[in-house]
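Colleague: I am new to reading models of proteins. Could you take me through a few features, one at a time?

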Amino acid sequence: MRLRPDPDALEFAASVRELLDRSCDAEALRAAWDSADGRVPGLWKRLAEMGVTGLTVGESFGGSGMDLTDALPVLVASGRAAMPEPLVETLAAAQLLERAGGGAAASWLPRVVEGSAVLALGPGPTGVVSGAEHADLLLLADDAGGVFALERDAVRVTPLPSVDTGVRPATVEWSASEAVARLDGVDGLAVFDWAVVAVAAQLVGLAEAMLDMAVGYAKTREQFGVAIGAFQAVKHQLADAYVATSFARPVVNRAAWSVAQDLPSRSRDASHAKHAASVAAGRVARTALQVHGGIGYTFEHDLHMWLKRTWTLSALWGNPQWHKERVTSSVIQGATPRVP
Amino acid sequence: MRLRPDPDALEFAASVRELLDRSCDAEALRAAWDSADGRVPGLWKRLAEMGVTGLTVGESFGGSGMDLTDALPVLVASGRAAMPEPLVETLAAAQLLERAGGGAAASWLPRVVEGSAVLALGPGPTGVVSGAEHADLLLLADDAGGVFALERDAVRVTPLPSVDTGVRPATVEWSASEAVARLDGVDGLAVFDWAVVAVAAQLVGLAEAMLDMAVGYAKTREQFGVAIGAFQAVKHQLADAYVATSFARPVVNRAAWSVAQDLPSRSRDASHAKHAASVAAGRVARTALQVHGGIGYTFEHDLHMWLKRTWTLSALWGNPQWHKERVTSSVIQGATPRVP
Amino acid sequence: MSAIYGRDMAIVRERSGVDLSVEPARAAWRAEVRSWLAANVPSAPLPSLDTADGFAAHREWERRLAEAGLAVVTWPSEYGGRGVDLIDWLIFEEEYWASGAPARVSQNGIFLLAPTMFEFGTEAQKQRFLPPMARADEVWAQGWSEPGAGSDLAALRSRADRVDGGWRVNGQKTWSSRAAFADWLFGLFRTDPESSRHRGLTYLLMPLSAEGVTVRPIRQLDGEPGFAEVFFDDVFVPDEHVLGGVGDGWKVAMSTTTSERGLTLRSPGRFMAAADRLLALRAESGSTSYDADVAQAWMDADAYRLYVLDTALQALYGKPIGAESSANKLFWSEMDVRIHETALGLLGERATVDSSWLDGYEFSLAGPIYAGTNEVQRNVIAERVLGLPRA
Amino acid sequence: MSAIYGRDMAIVRERSGVDLSVEPARAAWRAEVRSWLAANVPSAPLPSLDTADGFAAHREWERRLAEAGLAVVTWPSEYGGRGVDLIDWLIFEEEYWASGAPARVSQNGIFLLAPTMFEFGTEAQKQRFLPPMARADEVWAQGWSEPGAGSDLAALRSRADRVDGGWRVNGQKTWSSRAAFADWLFGLFRTDPESSRHRGLTYLLMPLSAEGVTVRPIRQLDGEPGFAEVFFDDVFVPDEHVLGGVGDGWKVAMSTTTSERGLTLRSPGRFMAAADRLLALRAESGSTSYDADVAQAWMDADAYRLYVLDTALQALYGKPIGAESSANKLFWSEMDVRIHETALGLLGERATVDSSWLDGYEFSLAGPIYAGTNEVQRNVIAERVLGLPRA
């Protein structure tokens, strides 16, 4: 088991983080929040130039071919920045395409790498597709487990009015007869688990960012003549938030390895990761809001964008209870339910 | 619905509390703890003289005939004092006898009132009988719901080695053929609910007492140059313990009324009461121990007697999860499972 | 109980501990409220009261309530109320929220300002302000917090300087709920420039249309302007708009904070209705995954109802409501978050799609912050109820 | 990593992030430990180590461990160890607790004192004290707390006055674990009478049989004398029994508190074994009522394992272990209580009947109190990790 990525991967993630600090700062996020598509103009292109959209795409398609363990720090960074781009959707769907191989992979993966195609896949456990509105190609599973590739024009996407403009679920109406390809023989569950862990990593990044914001605010905001961070009630809430985040992180790291190696415990570990990261990020979100008080409750303060992304990513790809039940089944009954 | 007892009942409870302050103080408890039967010598007799053993026994048998609402403050007081006497067991079994009527009631209830007979009833949901070792007469239910009265010599009682010497569960081996009476046509579940609410009241008393102890200690124990009660971490734990206790109390009071009036919601309300009181007392116990620190973790400090009574009463007569499931069934599925 | 509900103690003869809702008069009251609501509650939800349209629609709803005599049921009839006691108020609230009726846009006025005015206001003030408040002709914003005075309210610095016939107000309030669309504002201002903390404050009333008042709406978590910053630039407030004594503002404001307001801020009926909706959501979902949480929500709402009822009965018997209001606030605010978290769980991947549950969740998150943060409430309980030393 | 485990950094060449337990050498180590334990762990549990009989039985068990070279596996072989690294220690612990082997009566010495002695002890001290500690010929009690110095350890007042060739000790320690039956005591004493708080303290070692030492056992929650009060009346401690520099006691004691001890105080193997026992208890019970809690216990133990493993791997790479030990302590102590609460729930009405789960529950309740209360740990995280201001 590897719990940490290679030094090279860490170094790459640091450069991505620099890019996001520059091009996806709070100002860019606020502008995205008020825009129609909720995205940061030009960011996807810059991510592609840096190699992020091809991060986990095979080298034969022009990507970097990183495994999930090495890709994790980039995903954490994207969560930390509350980046409103369909990165997990695209990379996970690319996994599916690549595993299926054939013409769809050959024609679409190079476009993913160069940043000219966005992908989506689904539906999740309760029937929605994350980021469908942005996708040029959608990989959709039917009830029998068949997976079909459909181009944007062949499906009818209805984005759901969501609290988070950056990551919106949608319903998708489609027919297998419109598919450009049928992706046979791929393990859809393995790719679902891949996406679950990727989202868990983003939740860890969100937790880190909200903890930083709350700590920063607690150090500067004064009430009763002192910085509020001097009050034990504030300190202890923040300490608990730190502990929750610290203990979620290695669980997510381990799950990345289980997914990368396709271990028998893969689904259990992925669900454990999503559960732990969602619970941790949820706790940090509550604490961060409470520490910020009325200021944090405004749309004008940046915190709300992180809160809402946390709620959204916690709910999508199976919510914490769904994942906990999957772990419970695995641990107690020795069975893991399959998902589309 | 009556949420509070009559002024007369409150006055009576105050005198019981005075008796317990005098005759069942910490010193008496420590002596009881080290004794073979775990009881306070002479206390049962004094309780009988005051009218406590006949509190809820009908006037025709020499008792006071109080309903459970009016009896509640005495039960709270007995919990508050961590009194190691089989009061709930005896009063609940007396309810059963009285409802069944007939010869058994006529011969045993006056003895209960005068303090010369101790009763027990059971088994509870997981097969044990609380206080069986002290009982002169045991009322035992078989799997078919039949209830039989057996004298002490006719049964084989095996007290289980328990953490709390004052309230010990036991297993009882018995045969219906040895019964002195068969108590037909009584609603055993109604009496079980009666006992459940009585124990919930004791748990409220335990919570009150432990909160008082913890607050008292926090005011006097100094660390870092101040009373530890000045630290927010201590304050807020104690405030939460206070809130939990405050919101359990009216739930218990309401359940007493539901039991007294045999309302359709009786079992649900009784279970809600036991759940709320157990959770509150459990929380106060944890907090009280944490506030006392190492001192509280010793057998030499009195706190442990309250902690262990809390654990015991929380477990007996259906533990919190058992009761929560009964409420859940009632609220969600509209069905309440029957108990022996 | 004080006289603010217009009842003489002598007529409150009910036996302590008895829920009177089954008495004929109570039952009749419940039936009257229920039937009026059934006939009048709008079938579709009104737009958010934090939008201009929604505010107007809610104001209109308040007028209908007032015409039916149901806007301010605990007030004496001379000011537009029905003179009912706290128990009947609890009954009203149960029916109100169970019926799906709109949120109360007049809440600041009728639940926060009015009790204070009954206790400290002059007869002229009561006659001037209460009837239009009851009819929502004048909707009130509250002006407590300032940028530097949130949980530490006593740090407030907005000042009112003595001038001929009144006061000249300068400074800034923030998180002023309803201020974006309201007509009047009540709040605390420092009238003694030499004073600090709780001393030297005065409770003032002023129209938001007054010269020198600037309202800058603030979008709250859900993006709507639920509150505002309010700036005061030499705003003149005449003496007749001082509530209570000059310099007594803290006492005036707090007397109701720790009395009935602790009960009336969030009535049990709201949470009973929410728990019932949660049960319905569970039934629709067909999921058993949240049964423990749904049952807990139901138990919590029930416990809250019993606690408030018990406290109200004690109040009817003249026992002052003190720190119960802090325990109350901790309980309902945490319960409210849990209820909504459970609902969002049941909604699964659609949790963050617009819904009344999502709106309710966002609103519930404000609960532990406003009206005294829960940290402050825990201090209050620890220090005033349990007697622990101040730090 | 410091040299206390007798390994040169240069030989720790393993790649960061790799769990080496699947490497042949790790696997062989695991197999060796497992097979020895399978053959040697007593089939019936030993009596409580807080009884005279149980203490003797546990001491005997330690000797068998020591004869097999498994008592102190991380120590260099010259002192009785095997020189294994932290990863192999974690493997040892997993196997140890999974096998149902007895509690470690030598724990105070081998996990608390020994790391300190490796870092600060003279070679003579190490040779004198470590081998008999490894064989449990000398079992150590700890002497930190005093009646007036619990969570505020720096308030300690027991003093050691300079005398010819050593120190004369007077005062009292309390909550001294194992002292009822142990042979030696280590602890902090005030050697500079003018000093206060963290200054002027010195780390001393002394036999409990020394003249002037009185041990009064204290019965802990379960009724057994798990700790004791220790009184010092002109007890002479020679200079060679000072550990580290005179006046440096705080630094000496704390250096290990915040280093490896944070990892070694409660190894993941304990909780993994507890979670597995909980799964077995659930299966026996046939109840599904606690499935969510059982699964949470399993997840928590797994998370703890991963966190400690990750920290240990970082430590192997030379990253100092700092406040991780506070996060660690908060996590395991709260998890331990929850695991045992779940077990007691599964036991239903028999929860309070004597059982290893009940014993474990009582013991778990001490977790949030000893070795720095969880309140102190939260302060440490808030101030030292998050950089929040001291009050």
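Modeller: Start with contact: two residues are in contact if their C-beta atoms, placed from the backbone, lie within 7 Å. Keep in mind that this is a predicted model.

Colleague: How many residues of chain B are in contact with chain C, and how many of chain C take part?

Modeller: On chain B there are 28 residues, and they are in contact with 32 residues of chain C. The elements giving two or more residues to the chain B side are α7 (188-220), α8, α9 and α11 (320-333) of chain B. The largest share comes from α8(B), with eleven residues. By class, this side of chain B has 17 nonpolar, five polar and six charged residues.

Colleague: How do I read a pair of helices?

Modeller: Two packed helices are described by the angle between their axes and the distance between the axes. Take helix α8 (residues 232-260) and helix α9 (residues 266-292) of chain B: their axes come within 8 Å and cross at roughly 160°. Angles over 145 degrees count as roughly antiparallel, so α8(B) is roughly antiparallel to α9(B). The crossing of α8(B) past α9(B) is left-handed. Their contact has 17 nonpolar, six polar and four charged residues.

Colleague: And the nonpolar core?

Modeller: In soluble globular proteins, nonpolar side chains tend to be buried together. Here the largest nonpolar core has 512 residues, and those touching the most other members include Val197(A) and Val197(B).

Colleague: Which residues does Val197(B) touch, leaving out those up to four places away in sequence?

Modeller: With that exclusion, Val197(B) touches Leu68(B), Val252(B), Ala255(B), Ala256(B), Val259(B), Ala270(B) and Ala273(B).

Colleague: Why does Pro132(C) count as partly exposed?

Modeller: A residue is buried at 20 or more C-beta neighbours within 10 Å and exposed at 12 or fewer. Pro132(C) counts as partly exposed because it has 16 such neighbours inside 10 Å. Pro132(C) is found in helix α5 (residues 123-134) of chain C. Not counting residues up to four places away in sequence, Pro132(C) touches Asp137(C) and Glu138(C).

Note on methods:
Residues are numbered from 1 along each chain as its sequence is written. Chains are lettered from A and ligands numbered from 1 in the order in which they are written. This is a predicted model: local features need pLDDT of at least 70, side-chain atom pairs count only at pLDDT 80 or more; totals for chains, interfaces and linings use all residues. A nonpolar core is a set of buried Ala, Val, Leu, Ile, Met, Phe, Trp, Tyr and Cys residues joined through C-beta atoms within 7 Å. Axes are lines fitted to C-alpha atoms, for helices over the stretch in contact, and angles run from 0 to 180 degrees between N-to-C directions. Helices (H or I, at least four residues) and strands (E, at least two) are DSSP runs, numbered from the N terminus. Angles under 35 degrees count as roughly parallel, over 145 as roughly antiparallel, 65 to 115 as roughly perpendicular and the rest as oblique. A crossing is left-handed if the near helix is turned anticlockwise from the far one by less than a right angle, and right-handed if clockwise. Ala, Val, Leu, Ile, Met, Phe, Trp, Tyr, Cys and Pro count as nonpolar, Asp, Glu, Lys and Arg as charged, and the others, Gly among them, as polar.
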